[in-house]
Amino acid sequence: MTIPKIREKLQTAVDPKRFEHILGVAETAAYLGCIYGEDRERCEIAGLLHDCAKCYSHERLYELCMEAGIRLSEGLKASPQLWHAVYGPVEAESYGITDPGILDAIRYHTTGKAAMTLLEKILFVSDYIEPHREKAKDLRELRILAVNDLDKCTARIMQQTIEYLNEHGTAIDGETLEAFAYYQQYL
């Protein structure tokens, strides 16, 4: 499926605010891809499809994960806000995407993971700093850091995410903790 066709299908699948966010992530990912030498089209497709499963309720996502044979860890079971990323690669395949790198980037765009690929880091960072996002802490600084040191930016975003989840008493998935342990070396 071409990028224009993916956009067209997404626009009918998600609400307008989500679609605006998706376009912001896709633009940011394509831009960072150009800076860091990752294929621009792969970055844009990953950005477009990172939230392709956000249109489902938590209950439906759980059912879809079970139907697809996706086992949710105890940490993931306690964090339904992450299920769209776990199921996202399956949903992305309905858009004709089979590139394992894009599918993995979609899978880890919320939790991160240790030693992420360049595409995975680009999507992870893009989701956090895209132009329509306004409420996250230190966004201006993170946006500058993203174009200068992607690993350090990844580490800072993970650190802020863990701080936020701790402040709000929200469960933290084990993958996120493992990812942060790995990326702490860049702080």
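This is a predicted model: local features need pLDDT of at least 70, side-chain atom pairs count only at pLDDT 80 or more; totals for chains, interfaces and linings use all residues.
The protein is built from helices. Its secondary structure comes to eleven helices and zero strands. Read along the sequence, the pattern is therefore α-α-α-α-α-α-α-α-α-α-α. The radius of gyration is 15 Å, close to the 16 Å that the globule rule gives for 187 residues, so the protein is as compact as a globular protein of that length. Along the principal axes, the C-alpha trace spans about 40 × 35 × 30 Å. Of the 187 residues, 48% are buried. Contacts between residues at least 6 apart in sequence were also examined, and 61% of them join residues at least 24 apart.

Helix α10 was examined in detail. This helix covers residues 150-167 and has 18 residues. From its first C-alpha to its last it reaches 26 Å, close to the 26 Å expected at 1.5 Å a residue. Just after the helix, G169 takes a positive phi of about 65°.

The buried residues are L150, D151, C153, T154, A155, R156, I157, M158, Q160, I162 and L165. An α-helix has 3.6 residues a turn, so residues three or four places apart point the same way.

Q160 lies in α10. Its relative accessibility is 7%, below the 20% limit, so Q160 counts as buried. The side chain of Q160 makes a polar contact with the side chain of Y128, at 2.8 Å. Leaving aside neighbours within four places in sequence, Q160 is in contact with Y128, K137, D138 and L142.

Aromatic rings were considered next. The structure holds four aromatic pairs. One of them joins Y62 and W83. The ring centres of Y62 and W83 are 5.5 Å apart and their planes stand at 45°, so the pair is tilted. This pair links distant parts of the chain. Y62 sits in helix α4 (residues 58-67), W83 sits in helix α6 (residues 83-93), and the two are 21 residues apart. Y62 has 32% relative accessibility, so it counts as partly exposed. W83 is buried, because its relative accessible area is 8%.

A second pair is formed by Y183 and Y186. Their ring centres are 5.8 Å apart and their planes stand at 35°, so this pair is tilted. Y183 is buried, with a relative accessible area of 1%. Y186 has 28% relative accessibility and therefore counts as partly exposed. Y183 and Y186 also belong to one aromatic cluster with Y182.

K9 lies over the face of Y95, at 4.2 Å from the ring centre.

Technical notes. Residues are numbered from 1 along each chain as its sequence is written. Side-chain values use heavy atoms; hydrogens and water are left out. Helices (H or I, at least four residues) and strands (E, at least two) are DSSP runs, numbered from the N terminus. The expected span of a helix is 1.5 Å times one less than its number of residues. Buried means under 20% relative accessible area, exposed over 50%, partly exposed in between (1.4 Å probe, protein chains only). Rings of Phe, Tyr and Trp (its six-membered ring) pair if their centres lie within 6.5 Å; planes under 30 degrees apart count as stacked, over 60 as edge-to-face and the rest as tilted. A charge sits over a ring if NZ of Lys or CZ of Arg is within 6 Å of the ring centre and within 35 degrees of the ring normal. The radius of gyration is taken over C-alpha atoms; the globule rule is 2.2 Å times the number of residues to the power 0.38. Contact means heavy atoms within 4.5 Å. A polar contact is a pair of N or O atoms within 3.5 Å; within protein, one must be able to donate a hydrogen and the other to accept it, and residues adjacent in sequence count only if both atoms are side-chain atoms.
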